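Dear colleague,

Please find below the structure that I am handing over to you. My notes on what was found in it follow directly after.

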Amino acid sequence: PMTDTTTPEHFRIETDADNIAWLHFDKSDAGTNVLSMEVLEQLDLHLQQIAAQCPRGLVILSDKSSGFIAGADISAFTKLKTGAEVMELLNTGQAVFNRLEALPFPTVAMIHGFCLGGGMELALACRYRVTRDDPGTRLGLPEVRLGIHPGWGGSARMVPLIGSIKAMDLILSGRSVDGRTGKRMGLVDQAVPERHLGSVARKFILDAPPPHQASFVERLTNSAPVRPLLASVFRKQVAKRASQRHYPAPYAMIEVWRKHTNDKAGMLKAEAESLASLVTGPTAKNLVRVFFLQEQLKALGKDKTYKPKHVHVIGAGTMGGDIAAWCALRGFNVSLQDQAPERIAPAMARAFKLYRRKLKKPVRITAAMDRLMPDHTGHGVSKADIVIEAIFEDADVKRTLYKEIEPRMKAGAILATNTSSIPLEELTPALQEPERLVGLHFFNPVAKMMLVEIVNGESTSAEVSAHAMTFTRQIDRLPLPVSSTPGFLVNRILMPYLMEAVVLEAEGIPAALIDKAATDFGMPMGPVELADTVGLDICLHVAEVLAGHFNAEIPERLKQLVASGKLGKKSGSGFYEWK
Ligand code: NAI
């Protein structure tokens, strides 16, 4: 390829009085550092230059506030058409990281924020890793979530460093850890508060202590006789979450690891070859597409000026209780209202369970519980920036409530309804300021379902809608804007699918067979089981709303089951018997 003299510079070197080279990575025209072919080629040139200078040591750091390096440039990656093009990118990255690893002086990756995928692989090629100690610092190899696995030496370097059990747990799940956990695992040499980060990096260069070594037991987990046993354990663990047919990447990773651990060159080669065959397959293509769709939704909620603090939730039932708990988990002050204290108590108990699972540490659990205030008299209404209504699905009851609370709401506060079927236009007549009403349609279970439909009524103001999307991002959910039409988007797609399954079942096809066809196809759960899980009364209700609008028929079988009190999982029986 021709050398393009206009290629923007992504790196900057500073050499200080101790003769330490500080290589600043600051990708031009991007808010986040990612690794592309162009970046790798520049990095390679800089490393050659630095090597020729013979400094005391090298510190690699990022000038971006978002973090160190978020990974490979995925958009560029997906444009690669042939296996040969993919191999070229993989070989280039491997060669650059090999060069980095072979430098004859100490090297430190100085990490804050995201250090993921290719960024983690680069950090692993350094002799030491020091990180900022805060929850925002995330280290990991999340490639499996895109249907691939590391290919720039991530597994070849992480496995020998911390042993197969911990390394493969990170690689196969794609989960990330903070600096302190990384330190405990041996992945990181030191995790310190931000103000010490630079001096700690310097100290590693000046002292040049022996690099971290895996323990005896960790090395044992990498040994040839142990690997076949561990491989079957790994396979079983992965199978619980993802079938090999639909998600080949983790299984391919296990094979690479089983065959080549302790043979670095062989493992690097196998990583690249295996990845090249995955990346052009349908799973990776589809997961990458999902990734970009998610990025698109994330970008909708980026208004940095909107900073709500207090959320008031009315209705402490299935949805309201969990919405309130989730908002408090994400740092908001939340008041939770219902008709009586005893209706709020179960929601508080569920919140405690959620926090125990998510936060683990008692101080953090207590802090989250402190942010969640039971408030049966509704004091919080007048303090809230956002009021979320999740009471019974009845337009009259909702209107009565709105008339009562609106006069007490702060100027500019948003009123959000979690209704799944009432058009906003039926609710606005109760309001003085109809432009403040927006739908925030969460899905059940709130803690698991990423999507929140942002329902725009005819009178919802653009500002309220934008704020609702920003708030949705602040609680780490994905905002999907929809207009106030029956079923919005998700139920409009889901219901015909569920109803067709109900019809099939009524025609005599066993429920388990229908579900198996769906799970074989790749659905996480079959439609009949899903209907039972959602609750057949809720399905019937949504089906009625949609059927009225689209002139469709509701299967008799569904009506009969609901009429006879068979509501699915929650009543002990529905299409299935639940024990
Ligand atoms: P639920 O019946 O579990 O809870 C409703 C709660 O609201 C009850 O605790 C009730 O005491 C309280 N409530 C009723 N009127 C009240 C009032 N005037 N003041 C204070 N509290 C009042 O209902 P669920 O399932 O949580 O649904 C709530 C809303 O969320 C509905 O609009 C529903 O359509 C919607 N939704 C439900 C989903 C689900 O899967 N259950 C999914 C998405 C939305």
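I begin with Lys410, which is partly exposed because its relative accessibility is 32%; here buried means under 20% relative accessible area, exposed over 50%, and partly exposed in between, with a 1.4 Å probe and protein chains only. Please note that this is a predicted model, in which local features need pLDDT of at least 70 and side-chain atom pairs count only at pLDDT 80 or more, while totals for chains, interfaces and linings use all residues. Residues are numbered from 1 along each chain as its sequence is written, and side-chain values use heavy atoms, with hydrogens and water left out.

Salt bridges

Lys410 forms a salt bridge with Asp385, with 2.9 Å between the closest N and O atoms; the term stands for a side-chain nitrogen of Lys or Arg within 4 Å of a carboxyl oxygen of Asp or Glu. This pair links distant parts of the chain, 25 residues apart: Lys410 is in the loop between α17 (395–405) and β17 (414–417), and Asp385 is in the loop between β15 and β16. Helices (H or I, at least four residues) and strands (E, at least two) are DSSP runs, numbered from the N terminus.

Asp385 itself counts as buried because its relative accessibility is 18%. A polar atom of the Asp385 side chain also lies 2.7 Å from the backbone nitrogen of Lys309. Leaving aside neighbours within four places in sequence, Asp385 is in contact (heavy atoms within 4.5 Å) with Tyr306, Pro308, Lys309, His310, Lys410, Ala413 and Ile414.

The loop between β15 and β16 also holds Thr377, which counts as partly exposed at 49% relative accessibility. Thr377 and Gln337 are 40 residues apart in sequence, yet their C-alpha atoms are 6.8 Å apart in space.

The whole structure contains 30 salt bridges. Among them, Lys516 and Asp520 meet through their side chains at 2.7 Å, N to O. Both of these residues lie in helix α20 (residues 511–521), 4 residues apart, or about one turn of the helix. Lys516 is partly exposed at 47% relative accessibility, and Asp520 is also partly exposed, with a relative accessible area of 31%.

Strands and sheets

Strands of a sheet pair through backbone hydrogen bonds, either parallel or antiparallel. In these notes, two strands pair if DSSP finds at least two bridges between them.

Strand β7 (residues 107–111) is largely enclosed by the rest of the structure, because 5 of its 5 residues are buried. Thr107, Ala109 and Ile111 point one way from β7, whereas Val108 and Met110 point the other way. β7 pairs in the parallel sense with strand β4 (residues 57–62) over 3 bridges, and Ile60 stands opposite Ala109. β7 also runs parallel to strand β9 (residues 128–132), to which 4 bridges join it; there, Met110 stands opposite Val130.

Strand β10 (residues 138–140) and β11 run antiparallel and are joined by 2 bridges, and Gly140 has Ser176 in β11 as its bridge partner.

Two helical sites

Thr92 lies in helix α3 (residues 83–102) and counts as buried at 18% relative accessibility. A polar atom of its side chain lies 2.7 Å from the backbone oxygen of Glu88. Not counting residues up to four places away in sequence, Thr92 touches Met37 and Leu40.

Phe216 is found in helix α9 (residues 216–221) and counts as exposed at 59% relative accessibility. Together with Val217 and Leu220, Phe216 forms a nonpolar patch on the surface, with about 320 Å² of accessible area in total. Patches are made of residues with over 30% relative accessible area and no salt bridge, joining like charges within 9 Å and nonpolar side chains (Val, Leu, Ile, Met, Phe, Trp, Tyr) within 5 Å; accessible areas come from the Shrake-Rupley method with a 1.4 Å probe, and for residues only the protein chains shown count as cover.

With kind regards

Definitions and conventions. A polar contact is a pair of N or O atoms within 3.5 Å; within protein, one must be able to donate a hydrogen and the other to accept it, and residues adjacent in sequence count only if both atoms are side-chain atoms.
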